[in-house]
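This report is written for a reader who is meeting the structure for the first time. Please keep the sequence and the model in view while reading.

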Amino acid sequence: MKEIAILGSTGSIGRQALDVIREFPGDLRVAGLSAGRNWPLLLQQIKEFHPRVVAVAGEGEARELKKHLSGTGGPEIFWGEDGLVQVAASSGARVVLTAITGTAGLMPTVAALRKGLSIALANKETLVAAGALVMELARSTGADIFPVDSEHSAIWQCLDGHRENAVNRIMLTASGGPFRREPADLSAVTVEQALAHPNWTMGRKITIDSATLMNKGLEVLEARWLFGVDLDRIEVVIHPQSIIHSMVEFVDGSVLAQMGPPDMRLPIQYALSYPRRWSNRLPRVNWYSLKGLTFEPPDTRRFPCLGLAYAAGRAGGTMPAVLNAANEVAVEAFLNGEIGFTGISRVVEAVMDEHRVVSRPDLEEILFADGWAREKAREIIRR
Ligand SMILES: NC(=O)C1=CN([C@@H]2O[C@H](COP(=O)(O)OP(=O)(O)OC[C@H]3O[C@@H](n4cnc5c(N)ncnc54)[C@H](OP(=O)(O)O)[C@@H]3O)[C@@H](O)[C@H]2O)C=CC1
Ligand SMILES: CC(=O)[C@@H](O)[C@H](O)COP(=O)(O)O
Ligand SMILES: [Mn+2]
């Protein structure tokens, strides 16, 4: 029986992970769960899955949970960042699924890695902000990091059994988002339009990132650390059907692709079942109903965030953490109606322009750069 802790169990990935666990009661068990604000849903999950440890964002939500669970012999209840660390490192889980949004996922991931626990990584922001440090920590404790992000799961599956030096390039596929071709002018698009992803139903932050192509930029940086491949060998290709989840081209010109319907339960399941594959009841590709698989290069002038992410990766040090933090603040501001869609890349670029890179940063320097970038982004938005 594999015991799992889920950070962010009330979110899109978290809920789909529980769908997977429900399908394999003889193989998977929930040891820990965490939510942010949605304590009523967490309460339902506790009653169904009986975790030992849970956490919520604030003391108020923790009080509500305690009130509703008093006398039931329920789980230990924690809150705040310490609570996330408890769920990640002290629930008895062997695998920690990081399905929380943003840099909030960093410290609990570090805590789990320090104990040598395996990470099923959905939270790409952790690797963007602190990839060198996190990969080194995993190496030093012998902890595994299993990709959950669909593209990285695809690359992982394509690389299986191949030598690292046999890779020529990674082709990271992108849907292109809701604004791939239209409207010509992106400055007036609404939040509702930006949240209408053509192929995937996901949380609000990643859905906006898909619309700006920042999601693909973050994924380029995530792939670089997960697979140890130079940025020059990671190319983004627009594939609007989201059937090919990414490809690996080897030095002899052979290309392997991983395909499947756009359904996150498959990469989540594979990260939890690895190294085995489990038969399931998920939808299959209907080859005869496909209208075709098409490919085009990304338009980096229309979507500047992709270029900014490559630039941050090339600058190195604290710059990717700054890109990520500024983007988190800018996306939040767009969702709140404080800036327009094209303001997102402008805020990120302005913050990057003002940042003095610290090379080879330690954790404290990364957290400092993250905080600095958030404050700078807010100041630029206020202006
Ligand atoms: N959704 C998808 O298909 C994919 C997502 N990912 C990545 O997975 C991660 C999660 O995405 P997604 O599931 O879509 O996001 P959601 O917004 O749907 O869910 C986020 C989860 O994290 C919790 N949370 C958010 N902020 C905090 C915080 N500060 N402290 C504690 N808990 C917090 C939320 O709690 P609550 O709701 O209770 O407030 C919720 O449980 C992201 O990093 C994303 O990039 C990667 C590939 C695909
Ligand atoms: C499901 C998943 O992995 C998302 O990261 C997805 O890739 C988003 O779609 P885009 O390709 O539009 O960014
Ligand atoms: Mn992805």
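## The four-stranded sheet

Four strands form an open sheet in the order E9-E8-E10-E11, and their pairing is mixed. Helices (H or I, at least four residues) and strands (E, at least two) are DSSP runs, numbered from the N terminus; two strands pair if DSSP finds at least two bridges between them. Strand E9 (234-238) and strand E11 (255-259) are at the edges with a single partner strand each, so one side of each has no neighbour in the sheet. From one strand to the next, the twist averages 20°.

This is a predicted model, in which local features need pLDDT of at least 70 and side-chain atom pairs count only at pLDDT 80 or more, while totals for chains, interfaces and linings use all residues. Residues are numbered from 1 along each chain as its sequence is written, and chains are lettered from A and ligands numbered from 1 in the order in which they are written.

## Pairing and helices on the sheet

Strands of a sheet pair through backbone hydrogen bonds, either parallel or antiparallel. Strand E8 (residues 167-174) pairs with E9 in the parallel sense over five bridges, and Ile170 stands opposite Ile234 in E9. H10 packs on the sheet, where it touches E8 and E9, and its direction makes about 150° with that of E8. Axes are lines fitted to C-alpha atoms, for helices over the stretch in contact, and angles run from 0 to 180 degrees between N-to-C directions.

Helix H7 (residues 150-159) lies across E8, strand E10 (244-250) and E11, and runs at about 40° to E10. Contact here means that the C-beta atoms of two residues, placed from the backbone, lie within 7 Å.

Helix H9 (residues 204-212) packs against helix H10 (residues 214-227) at an angle of about 95°, with the axes 5 Å apart. H9 is therefore roughly perpendicular to H10; angles under 35 degrees count as roughly parallel, over 145 as roughly antiparallel, 65 to 115 as roughly perpendicular and the rest as oblique. Ile206, Asp209, Ser210 and Thr212 of H9 make the contact with Met214, Asn215 and Leu218 of H10. These residues divide into three nonpolar, three polar and one charged, where Ala, Val, Leu, Ile, Met, Phe, Trp, Tyr, Cys and Pro count as nonpolar, Asp, Glu, Lys and Arg as charged, and the others, Gly among them, as polar.

The axes of H9 and H13 cross at roughly 100° and come within 10 Å, so H9 and H13 are also roughly perpendicular to each other. On the H9 side the contact is made by Arg204, Lys205, Ile208 and Asp209, and on the H13 side by Val331, Phe334 and Leu335. By class, the contact of H9 with H13 has four nonpolar, no polar and three charged residues.

## The nonpolar core

Which residues touch the most other members of the largest nonpolar core? Among its 115 residues, they are Ile4, Leu97 and Ala326. Helix H13 (residues 319-335) supplies the largest share of this core, eleven residues. A nonpolar core is a set of buried Ala, Val, Leu, Ile, Met, Phe, Trp, Tyr and Cys residues joined through C-beta atoms within 7 Å. A residue is buried if 20 or more other C-beta atoms lie within 10 Å of its own, exposed if 12 or fewer, and partly exposed in between, with C-beta atoms placed from the backbone.

Apart from its neighbours within four places in sequence, Ala326 is in contact with Val347, Val348, Val351, Met352, Ala373 and Ala377.

## Helix H4 and its surroundings

In helix H4 (residues 80-90), the buried residues are Gly83, Leu84, Val85, Gln86, Val87, Ala88 and Ala89. Their cover includes strand E1 (2-7), strand E2 (28-34), strand E3 (53-56), strand E4 (76-79), strand E5 (95-98) and helix H5 (106-114). Gly92, with a positive phi near 90°, follows H4.

E1 and E2 run parallel and are joined by six bridges, with Lys2 opposite Leu28 in E2. Six of the seven residues of E2 are buried, and this strand is mostly covered.

## Backbone details in the loops

The peptide bond from Glu182 to Pro183 is cis, with omega near -5°; Pro183 lies in the loop between E8 and helix H8 (191-194). The bond from Tyr274 to Pro275 is likewise cis, with omega near 10°.

Ser242 has a positive phi near 50° and lies in the loop between E9 and E10. Ser242 counts as buried because it has 21 C-beta neighbours inside 10 Å.
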